[in-house]
Amino acid sequence: MARIDPLNDGGEFQSPALERLVRSLGRLPGLGRKSATRIALHLVAENGGAAELTEAVDEARRLVRNCSRCGAITETDPCRICTSQRRDPSQLCIVSSPIDVLPFEKGGFFQGRYFVLGGLLSPLDGVRAQDLPFARLQARIEQDGVTEVIIALDASVEGETTALFIQRLLEDRSLNLSRLATGIPVGGALAYTDEVTLQRAFQFRRPF
Ligand SMILES: [Zn+2]
């Protein structure tokens, strides 16, 4: 006889409140019903940290925003990178997601500023050029007197498509345009690349 898995075979607790908590947790990225149930039971137990978690979520929702100039995660707008006098405004590094800024900052080898696209072109998923802030990118390049643009996107089909689109978009400007050299694993996400690999890819970035 097959064993019944109470969490995956439709079993429900005798508490609609707990079921609601499990369902909301289960909608979080990377959490299935099993993990959601384990976390829910932990949270409702005494000293489970629920109050601290609720407070942390509230505070983060209140304070966290995207920098209106570069799109990085920040609590002050513009962010510290955009306002720092020590950063070189003529160098602009284009990344797809706010988390891609982190390995660069941890490595400490890039002293320019960033522009976060907030996504990658993906015709199959319906992400088209008008869905990404390319107009704001062009304005930023003009306002800041950018002379060097470094394209630092994931080594995926979407990353390549987007990089080529940016190259065509900017080719009429007299810019030093480069992209990260090989070293980023094919199919790999930039944010999870180790600093050494990223630094090498950055140092040996190649012109289009
Ligand atoms: Zn910023």
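Modeller: The protein has 8 helices and 7 strands (DSSP runs numbered from the N terminus, H or I of at least four residues for helices, E of at least two for strands). Its radius of gyration, taken over C-alpha atoms, is 22 Å, well over the 17 Å that the globule rule (2.2 Å times the number of residues to the power 0.38) gives for 208 residues, so the protein is more spread out than a compact globule. Keep in mind that this is a predicted model: local features need pLDDT of at least 70, side-chain atom pairs count only at pLDDT 80 or more, and totals for chains, interfaces and linings use all residues. Numbering runs from 1 along each chain as its sequence is written.

Helix α3 (residues 50-63) has 0 of them among its 14 residues, so to speak hardly covered.

Now for your core. A nonpolar core is a set of buried Ala, Val, Leu, Ile, Met, Phe, Trp, Tyr and Cys residues joined through C-beta atoms within 7 Å. The largest one here has 34 residues, and Cys93, Ile94, Val95 and Ala152 have the most contacts inside it. At least two residues each come from β3 (91-95), α5 (101-107), β4 (113-116), β5 (148-151), α7 (157-170) and α8 (195-203). Strand β3 gives the largest share, 4 residues. In soluble globular proteins, nonpolar side chains tend to be buried together.

Let's zoom in on Val95. Two residues are in contact if their C-beta atoms, placed from the backbone, lie within 7 Å. Skipping residues up to four places away in sequence, Val95 touches Asp100, Val101, Tyr114, Val116, Ala152, Leu153 and Leu190.

Then hop over to Ile166, which belongs to helix α7. Ile166 is buried, because 23 other C-beta atoms lie within 10 Å. Beyond its neighbours within four places in sequence, Ile166 is in contact with Ile94 and Ile151. Ile166 and Val149 are 17 residues apart in sequence, with 10.0 Å between their C-alpha atoms.

Terms used
Buried ≥ 20, exposed ≤ 12 C-beta atoms within 10 Å, placed from the backbone.
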